[in-house]
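User: Before we look at any detail, please show me the sequence and the model together, and then take me through them step by step.

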Amino acid sequence: MPALRLIYRLNNERALRRERVLRDRSNPLEMYNESELLERFRFDRATIFEIVGALTPQLQHVTERNGALSPYQQVLIALRFFASGSFQNSLGDMVNVHRTTACRAIRRVSLALMRIMGRYQDFYFKSGLPGIIGCIDGTHVRIQAPSQDEYLFVNRKGYHSINVQLVCTNDMQIIDLVSKWPGSTHDARILRESALHREFEEGRVTGLLLGDSGYPLKRWLMTPVIAPRTPQERRYNFKQASTRSIIERCIGVLKRRFHCLHSEMRMHPERVCVVIAACVVLHNICVEKRMPLPRQVAVLDQPEEVENPVALNQETSDSLELVIVSFARSCLRARH
């Protein structure tokens with residue numbers, strides 16, 4: 001009798017067990033034209049092939065057993081997630097894979113992009129500006145409430161987020177990124193604890209950064225004058241805010257191009273930080289390749305506090321440098 005019961009149970013388990021099905025996987029590159037690829041993946045066909053070629057050594061599986069995803073399938077799944085922020089079920093349906101497979105593909109591609117970050121970042125020589133090497137600001141990326149230390153991730157606006165520090169140049173290339181701090185962390189602390197701060201303080205980097213009033217004034221970081229009283233101070237504030245608006249526009253372009261940063265990400269905070277780094281690398285590739293913005297995100301919001309933003313070009317840089325020198329001299333005369 002015990003043997004019969006065992007045979008009966010094994011037969012029942014085998015009958016109820018779901019058979020493994022390997023579905024035919026579609027190839028989105030064969031389904032869409034160039035404009036549709038830009039809308040859905042933010043890159044044209046040639047650039048997608050270039051990205052796949054750069055990541056193939058890290059994404060290629062050792063064996064093709066069990067229908068392993070090819071590098072281009074993994075990249076397309078990840079690009080679609082970055083561009084849309086869709087649920088992973090929908091991403092899996094795009095190439096006929098399971099949700100967990102899509103999740104692993106996004107993770108693998110994000111880590112691979114983060115490892116090649118230095119290839120698409122040239123920290124100090126992109127802008128070609130005398131004195132000013134970039135503008136700094138922070139932005140919040142909304143996340144789902146984490147299970148551990150939930151209170152640390154609630155920012156001043158009342159939602160859970162990762163506080164991200166960015167530095168960009170005049171052409172919106174992001175040249176420095178810090179994406180590891182919970183939303184409740186102040187911008188000044190993120191800067192103080194960063195490698196960027198150490199390099200400036202130790203003199204390994206020369207030049208000026210422009211930041212808002214949330215950052216401390218330093219010899220290498222110019223911030224607005226609080227409550228300006230003289231014409232020189234008001235002129236300095238206008239020039240400083242006009243030039244600094246480039247970082248706000250850069251953040252707007254980044255979030256609108258990769259919508260996963262604009263919507264709520266339902267991942268562990270550590271994984272969110274990796275996705276942010278991957279999106280920054282892809283943003284720099286877009287800037288380098290002059291990828292156009294999709295139609296639905298072509299109109300960007302201008303910063304509220306700047307009525308007439310001034311581009312961070314040679315003339316603006318020289319004008320701002322004269323204003324800074326004039327302001328410093330007036331301060332010295334008032335002190336003596």
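User: Does glutamate 50 count as buried, partly exposed or exposed, going by its relative accessibility?
Analyst: This is a predicted model, in which local features need pLDDT of at least 70 and side-chain atom pairs count only at pLDDT 80 or more, while totals for chains, interfaces and linings use all residues. Residues are numbered from 1 along each chain as its sequence is written, and side-chain values use heavy atoms, with hydrogens and water left out. A residue is called buried under 20% relative accessible area, exposed over 50% and partly exposed in between, using a 1.4 Å probe and protein chains only. Because the relative accessibility of glutamate 50 is 38%, this residue counts as partly exposed.

User: Which residue meets glutamate 50 in a salt bridge?
Analyst: A salt bridge requires a side-chain nitrogen of Lys or Arg within 4 Å of a carboxyl oxygen of Asp or Glu, and the structure holds seven of them. In this one, the nitrogen and oxygen are 3.0 Å apart, and the partner of glutamate 50 is lysine 289.

User: Which helix holds glutamate 270, the salt-bridge partner of arginine 107?
Analyst: The side chains of arginine 107 and glutamate 270 meet at 3.4 Å, N to O. This pair also joins distant parts of the chain, with arginine 107 in helix H7 (residues 99–115) and glutamate 270 in helix H11.

User: What is the relative accessible area of leucine 282?
Analyst: Leucine 282 is found in helix H11. Counting a contact as heavy atoms within 4.5 Å, and leaving aside neighbours within four places in sequence, leucine 282 is in contact with Phe43, Ile51, Leu79, Phe82, Leu113 and Phe258. Although leucine 282 and phenylalanine 43 lie 239 residues apart along the chain, their C-alpha atoms are separated by 9.4 Å. Leucine 282 counts as buried, and its relative accessible area is 0%.

User: How is helix H5 oriented relative to H7?
Analyst: Axes are lines fitted to C-alpha atoms, for helices over the stretch in contact, and angles run from 0 to 180 degrees between N-to-C directions. Helix H5 (residues 71–84) and H7 pack at an angle of about 90°, with their axes 8 Å apart. Angles under 35 degrees count as roughly parallel, over 145 as roughly antiparallel, 65 to 115 as roughly perpendicular and the rest as oblique. H5 is therefore, relative to H7, roughly perpendicular.

Definitions and conventions
Helices (H or I, at least four residues) and strands (E, at least two) are DSSP runs, numbered from the N terminus.
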